[in-house]
Structures are given as structure tokens and as C-alpha cells.
There are 4 protein chains.
Amino acid sequence: MDRSRLEAFSDGVFAVAITLLALNLTVSGPGFHHPRLIDQLGAHWPSFVAYLISFFYIGIIWVNHHVLIRSIKVVDRTLLFVNLVLLLFVVLIPFSTGLVAEYLYHSLNDVDTRVAMVLYCAVFLGMALGFGAIFEWTLHGERVYQPVPRERHWAARIRFVGGGGVYILAILIALVNAIAAFIIVGLVAVYYIVENTPTTSGDTPAPESAGDNPT
Amino acid sequence: MDRSRLEAFSDGVFAVAITLLALNLTVSGPGFHHPRLIDQLGAHWPSFVAYLISFFYIGIIWVNHHVLIRSIKVVDRTLLFVNLVLLLFVVLIPFSTGLVAEYLYHSLNDVDTRVAMVLYCAVFLGMALGFGAIFEWTLHGERVYQPVPRERHWAARIRFVGGGGVYILAILIALVNAIAAFIIVGLVAVYYIVENTPTTSGDTPAPESAGDNPT
Amino acid sequence: MDRSRLEAFSDGVFAVAITLLALNLTVSGPGFHHPRLIDQLGAHWPSFVAYLISFFYIGIIWVNHHVLIRSIKVVDRTLLFVNLVLLLFVVLIPFSTGLVAEYLYHSLNDVDTRVAMVLYCAVFLGMALGFGAIFEWTLHGERVYQPVPRERHWAARIRFVGGGGVYILAILIALVNAIAAFIIVGLVAVYYIVENTPTTSGDTPAPESAGDNPT
Amino acid sequence: MDRSRLEAFSDGVFAVAITLLALNLTVSGPGFHHPRLIDQLGAHWPSFVAYLISFFYIGIIWVNHHVLIRSIKVVDRTLLFVNLVLLLFVVLIPFSTGLVAEYLYHSLNDVDTRVAMVLYCAVFLGMALGFGAIFEWTLHGERVYQPVPRERHWAARIRFVGGGGVYILAILIALVNAIAAFIIVGLVAVYYIVENTPTTSGDTPAPESAGDNPT
């Protein structure tokens with residue numbers, strides 16, 4: 001099996017999910033009973049912030065998926081199904097984004113908003129776990145062009161667990177304060193964009209690109 | 001004709017259909033008249049279970065489609081239209097999934113829920129028949145790299161009919177008990193995922209990969 | 001410029017449009033005030049018939065687009081924009097399909113239903129004109145591998161005009177009787193599927209495949 | 001890294017966004033309380049005009065993206081994230097299009113309509129800025145096959161700034177008169193289609209194709 005359809009299907013799902021995000025951006029239509037549009041747009045700031053954050057999360061996972069899959073020599077059915085688990089959570093992002101935006105609009109920190117924020121963070125956690133499962137798959141057998149040496153497996157895994165740990169922390173904080181958790185996931189997105197952007201030295205591969213084929 | 005656009009178009013339809021599944025995940029917005037979000041999420045369990053099942057059905061058919069199409073040497077117009085019949089049912093899955101989830105939410109086993117479950121299973125049956133029609137197309141002429149020997153055609157067909165028989169059984173059961181049919185289609189999905197995952201021996205091709213090109 | 005992104009983008013639009021068709025399939029949810037689901041599904045037959053017809057129209061235009069684009073040697077900006085005109089009408093199909101289904105459900109032949117049917121047929125006419133414009137583009141210069149000889153240009157165009165003429169006829173009939181026009185566009189879809197399917201002789205290229213590269 | 005997945009993902013987003021545009025085309029269903037369908041379609045002319053304009057804006061940016069990306073030799077992570085900024089605004093187009101159409105339908109020039117038109121133009125401005133950022137990226141290092149000579153960088157940038165200036169002008173006009181701004185963005189779309197279509201001489205590369213690989 002080759003990688004091309006795995007990439008094509010995954011790219012399709014990423015592209016549809018990222019575009020559906022904007023379907024959650026809704027304000028009430030014009031009418032006597034509705035507030036001014038400018039006030040509505042202001043009041044719906046959680047929709048726009050959640051759109052931004054989720055857009056870049058899908059973008060980041062797409063970039064990392066891109067790099068990780070390119071390092072793979074042989075595609076087997078296990079990988080196809082592990083990849084489906086990742087996509088299962090990607091597809092949930094427009095739903096969780098719309099939910100958290102709607103509840104934040106209604107109240108910044110009541111119990112329902114906190115539940116919505118827990119769900120929002122949990123979907124990102126699930127996505128990270130799905131990505132981690134693909135990474136774990138690459139550690140075994142002769143599956144990538146430049147395998148991570150066995151003695152560095154645990155170091156690589158710990159970096160992954162550390163990444164997932166941020167989402168667990170966000171979930172715990174969301175139980176107490178929705179806005180604080182929102183800020184954390186936003187900062188994590190900013191961190192990933194900055195960290196993923198190559199520096200001048202240009203030779204600091206992220207763990208997920210450790211097995212990347214440089215040719 | 002080459003396979004690439006057949007694959008690209010089909011992958012696009014699979015990707016859009018699998019992502020639209022999540023549009024059915026809706027809970028009422030916040031408000032005084034609505035139950036707590038956590039209770040709503042719990043009460044909408046049929047939406048989440050139906051999402052999971054349908055997601056993996058589309059994923060499984062995508063994996064099998066991937067393998068079957070790769071075995072094909074020459075694409076003709078008949079194949080393009082037979083492939084459209086498969087996609088016709090794939091595209092219906094978000095509709096039938098949303099319908100069954102909505103009716104299960106309202107009642108676990110009234111007559112309408114059973115009708116919705118019959119429809120849900122019937123769409124999977126139609127998808128299996130469409131896939132079977134592509135497989136039948138591969139049995140004739142010089143169309144695949146490693147054709148199934150003529151004497152094994154009926155054995156291969158019977159395996160296919162057996163697969164479709166599960167959905168007929170689920171439809172019959174859905175006429176009596178919607179939840180029992182729901183459990184059956186869920187177990188079938190689990191079975192396909194487990195069966196499709198290679199074992200250590202790694203040399204037990206499923207019937208749809210019988211003509212697969214190993215290179 | 002190469003053909004690959006023209007094909008990828010067009011396939012994406014075709015795939016999304018064909019999948020969005022199913023979003024028009026809606027029945028009322030469960031409740032005391034609603035009719036039985038089985039009765040609703042029966043009463044919504046126009047939705048299902050319109051879905052079927054539109055699905056195969058998009059499928060047929062995709063197949064023909066596939067064949068025509070493959071015959072092209074050089075992609076220029078004019079072609080990209082002419083192709084956009086075709087896609088403009090393809091994207092309208094889910095809208096016109098939903099509209100005609102909704103109005104047919106309400107009344108089989110009142111003036112509004114006839115207007116909706118005129119629109120439904122007009123979108124197919126626009127799609128045919130867009131496809132014809134791409135075909136016209138292929139007739140000029142050194143743009144295809146096997147150009148249609150100049151003396152056969154008008155014969156080829158007349159076949160195209162004949163095809164578009166069916167939709168004009170359907171529009172005229174829709175002004176009087178919506179169902180009759182519905183039957184005509186349905187029969188045209190069946191005709192194209194049968195005509196496009198290769199016969200045993202296998203050497204009767206449709207006009208749009210006249211310049212097709214047989215290699 | 002190669003360009004193929006960058007193109008595939010971007011094409012997916014363009015294709016989904018352009019197709020979702022038509023979801024904004026809605027008229028009220030049939031019923032005693034609703035005006036005739038023909039009157040509704042006429043009254044909803046802003047929806048259809050906005051659909052047309054936005055469709056061609058996405059089409060034009062797709063064509064230009066196509067040309068610009070093809071000129072690139074090496075894809076790095078910075079480019080992937082800059083490309084995401086472009087897509088961020090492309091994905092917003094269906095939202096801003098639906099908003100402006102809805103408010104124009106209600107009133108051609110009240111304050112809310114003008115706010116909606118400002119937003120509509122601002123999304124196009126954002127898209128132009130995103131595209132300009134990709135272009136800026138191509139000016140540095142050894143990133144394209146035929147780099148723009150350093151002494152022509154500012155001339156190229158000024159042409160870009162000029163393009164973005166049209167949207168700033170449209171935003172300023174939208175603050176006073178929504179329809180006038182609507183006409184301007186419509187004319188800009190017409191201009192780009194005409195300008196992008198090759199003339200007989202065929203050798204007037206647009207600034208974004210300045211680094212295009214002619215092979």
C-alpha cells in the first residue's frame with residue numbers, strides 16, 4: 001500500500017473540518033428585536049476566538065500529520081485504523097467549538113460553560129492521543145525511513161505525554177474556571193505555531209519529525 | 001483512463017460524508033428552559049454511539065475501497081458508474097445516522113424508532129451491495145492485476161453475500177427491537193476493524209484484497 | 001501549468017456538492033404532532049427522487065469532466081475560469097434540488113412548484129452550457145492530444161446543442177407541468193448513464209470524448 | 001517537504017468553502033404566509049449577487065494560489081503556517097457572504113448593512129494580506145525557481161499594496177454606502193477575471209506569477 005490515499009483522505013477530512021468551523025459563526029439576523037450587528041459581533045467574541053483557536057489546532061495537527069506520514073515507508077491496515085482514531089477527534093472539533101462558543105456567549109463561567117470547556121479540551125486531548133498512537137506505531141518494526149533509536153523511544157514518548165499533559169491540565173482547570181482553560185489552550189496553539197516555525201539554525205526537529213526523511 | 005481521479009473523487013466523498021456526521025451532534029443551547037449540559041450530553045448518547053458506528057463504517061469501507069481499487073488495472077465507464085452507486089449510499093449515511101439518533105433519543109423502541117433503525121441498516125446494506133457490485137466487476141475480464149481464479153468466484157461471492165446477510169438480519173431484527181439491531185451493527189463494525197487488522201502471520205487476505213497487487 | 005490541481009479542485013467541488021445533496025433529506029423529528037415516520041418518508045418522496053436525479057447528474061458531469069480534461073495537453077488561465085463557470089452551476093445543484101423537493105412536497109403543480117422546477121432545470125442547463133464552453137475551448141489551438149478535425153466541429157457542436165436543447169424543452173414544459181419536467185430530467189439522467197456505459201463494441205466515443213487520449 | 005499536500009489541503013479548503021457558499025441561498029418554504037417563490041427569488045437578489053462575487057473571489061484566489069505555489073521549490077513550516085493565514089480568511093467567506101446578503105435583503109443601507117459590508121470587504125482584505133504574505137515569503141532565500149530580482153521587490157510589493165488598497169477603499173466606502181462598496185468589490189472581481197485571462201500576446205505575467213516556472 002502506498003501513502004497517497006491515506007494522505008488524500010486525511011487531507012480531505014482536515015479540509016472539511018477546518019471549513020465547517022466557520023458554520024458556527026452565526027449572529028441573529030436583522031430585525032427590530034435584535035441588537036445592532038456591531039454589538040452582536042462584539043458579544044459573540046467567544047465564537048471568533050474559538051474559531052481562531054480551533055482553526056490553528058487543526059492546522060497544526062495537519063502540519064504535524066504531514067511530516068509524520070511522510071516519514072513512513074510502509075502503510076498497513078493498522079495504521080489506517082489508528083489514523084481513523086485521530087480523524088474521529090478532528091471531526092468532533094467543529095461540534096465542540098460551536099458548543100463552547102455558544103455556552104461562553106451565554107455565561108462566562110457557569111457550570112454548563114465549564115462542562116462545555118471540559119469537552120472542548122477533551123477533544124484536543126483525544127486528538128493528541130490519536131496522533132500519539134500513530135507516533136507509537138512508527139516506533140515499531142521497519143516502518144519509517146529514519147527510525148528513532150530504541151534507547152530514545154522513552155524520551156520521545158515522554159515528550160508526547162508532556163504534550164498531552166497540557167490538555168489534562170486544561171481539563172482540570174476547566175472544571176473550576178472556563179476562561180482560564182480557554183486561555184491555556186489558546187497559548188498552547190500559539191506555542192505550537194512558534195515552536196514549529198523553523199529558527200535560523202533550522203535543525204531542531206520536533207519529536208514528531210524525528211523520523212522524517214530529509215530528502 | 002487511470003485510477004487517480006476515481007480515487008480522488010471517492011476519497012473526497014468519503015471525507016465529506018465522514019465529517020458531516022458530526023453535524024448531527026447537537027444539543028440544545030443554554031437557557032432557563034433547558035436541562036443541564038451534562039444531562040443533555042448523557043441523554044443524547046444515541047447521537048454519540050451512532051456517530052461512532054457510522055464513522056467506523058465509512059472508515060472501513062474507505063479502507064476496503066482503497067485496497068480493491070488499487071488492484072484494478074483498467075478503469076472504464078461502467079466502473080465509474082458502479083462506484084457512484086456505492087457513493088450514493090455513503091452519502092446517505094449522515095442522513096440515516098442523524099435520523100436514527102433523533103428517534104432513539106425520543107424513544108428507544110417505538111414504531112418510528114424501529115423504522116428509523118431499518119433505514120439505518122438498509123443504508124449499510126446498500127453500501128455493501130454497491131461494494132459487492134464493484135467486486136463483481138473485478139471478477140470479469142482482465143481488469144485486475146491478480147484475478148481471483150474462476151473456480152473461486154463463487155466462494156468469494158458467498159463470503160460477500162454472507163457479509164450482506166448480516167445487514168438483512170439486522171433489518172429483520174430492527175422490525176422488532178431497534179436497540180438489538182443497533183448492537184448488531186455496532187458489533188459488525190468492531191468485527192471488521194479487528195478482522196481487517198493484520199495478525200502476526202500477516203498473510204490472511206480478506207476477499208476484497210484477493211486480487212490485490214502486492215508490489 | 002499542469003492538469004493536476006484543476007482536477008483536484010474540481011473533484012473537491014464535485015465531491016462536496018454531491019455529498020451536500022443529502023443535507024436536503026430532512027423529515028420532521030419525532031413528536032405527538034408529527035405523522036408517523038413511515039408516512040413522512042413516503043410523503044417526502046420528491047426529496048428522495050430529486051436526490052437520486054441530482055446525484056447522478058453530478059456523477060455524470062464528473063465522469064464527462066474526467067474524460068474531457070484528460071484529453072487536454074495545456075492548461076491556461078482561460079480554461080481555469082471557464083471551468084469555474086461549470087463549477088458555479090454544480091455548486092447550485094444542492095440548492096435547486098432542495099428547493100424543488102420542498103415545493104413538490106407542498107404541491108405537485110402549483111405556480112410556485114413550477115417556478116422551482118424551472119430553476120431546477122435551468123441549473124442543469126447552465127451546467128451543460130459550462131461544460132459546452134470547456135468543450136468549445138478544446139476545439140481551438142493545439143490544446144488536446146487528439147483534436148476533433150475542423151470539419152467535424154459543427155457536428156460536435158450540434159450534438160452539444162442538442163443536449164442543451166433537452167433542458168430548454170424541460171424548462172418550457174416545467175412552465176406548464178412540473179411533474180412532466182421532473183420525469184424528463186430523470187429520463188435524461190437514465191439515458192446518459194446507459195449511453196455512457198460502454199457497449200460490447202466499446203468504440204463509440206461520446207462527443208465529449210472525441211479528443212480523448214487513448215493511451 | 002514537497003508541495004503536493006500543501007496543494008491538496010489548500011484545494012480541499014477552497015473547494016469546500018466555494019461549495020458552502022450556496023448554503024446561504026435560502027428562500028422561505030411554501031406556505032400561505034409566504035410570498036410567491038418568484039417574488040422571493042427576486043427579493044433575495046443580494047444573496048445571488050453576493051454568491052456570484054464570492055464564488056469568483058475564491059476562484060481567483062485559487063487560480064493565483066495555484067500559480068504562486070507552483071513556482072516554489074522548497075516548502076518549509078513557515079510557508080505552511082503563512083498559507084494557513086490565507087485559508088483562515090477563505091474559510092470566513094461563506095460566513096461574511098451570508099451575513100451581507102441577509103442584511104442587504106433587510107435594508108440596502110442602514111447602519112447594520114454597512115457594518116456587514118465592512119466585514120465582507122475586510123475578509124477579502126484579509127485574504128489579500130494572507131496571499132501577500134505568501135508572496136513576501138517567496139521573495140526571500142532560494143525558495144522559487146525564478147526569483148524576482150531584488151531590485152524589483154519593491155515594485156512587486158507596491159503592486160500588491162495597490163491591490164489591497166482597493167479593499168481598504170471599499171471598506172471606507174462601505175462605512176457610508178453599502179451598495180457602492182458592493183459594486184466596487186464586484187468590479188474588482190470582474191477586473192481580476194479579465195486581467196488574468198491571457199491576451200493574444202500571452203506574455204504579461206501578473207505580479208503573483210512573476211516567479212512562475214514556465215516549464
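Start with chains A and B: only 7% of the interface residues of chain A are also interface residues in chain B, so the copies meet through different surfaces. What you have open is a predicted model, in which local features need pLDDT of at least 70 and side-chain atom pairs count only at pLDDT 80 or more, while totals for chains, interfaces and linings use all residues. To find your way, residues are numbered from 1 along each chain as its sequence is written, chains are lettered from A and ligands numbered from 1 in the order in which they are written, and side-chain values use heavy atoms, with hydrogens and water left out.

**Stop 1: the A–B interface.** Select chains A and B together. Here 30 residues of chain A are in contact with 45 residues of chain B, where contact means heavy atoms within 4.5 Å. The two chains bury about 3,400 Å² between them, 74% of it on carbon and sulfur atoms; buried area is the accessible area (1.4 Å probe) that two parts lose on being put together, summed over both.

**Stop 2: a salt bridge.** Now pick A:Asp112 and B:Arg36, and show their side chains. They meet in a salt bridge at 3.4 Å, N to O. The rule (a side-chain nitrogen of Lys or Arg within 4 Å of a carboxyl oxygen of Asp or Glu) finds two salt bridges across the interface of chain A and chain B.

**Stop 3: the helices on chain A's side.** Colour α1 (4-20), α4 (77-106) and α5 (111-139) of chain A: these are the elements that give two or more residues to the side touching chain B. Helices (H or I, at least four residues) are DSSP runs, numbered from the N terminus. Which element gives the largest share of this side? It is α4(A), with 15 residues. By type, chain A's side divides into 22 nonpolar, three polar and five charged residues.

**Stop 4: turning one copy onto another.** Superpose chain A on chain B: a rotation of 90 degrees with 0.0 Å of shift along its axis does it, at RMSD 0.0 Å. That is the relation of a four-fold axis. Copies are superposed by least squares on the C-alpha atoms of residues with pLDDT of at least 70 in both.

**Stop 5: across the assembly.** Finally, select chains A and C. No contact joins them, and their closest C-alpha atoms lie 8 Å apart.

Conventions. Ala, Val, Leu, Ile, Met, Phe, Trp, Tyr, Cys and Pro count as nonpolar, Asp, Glu, Lys and Arg as charged, and the others, Gly among them, as polar.
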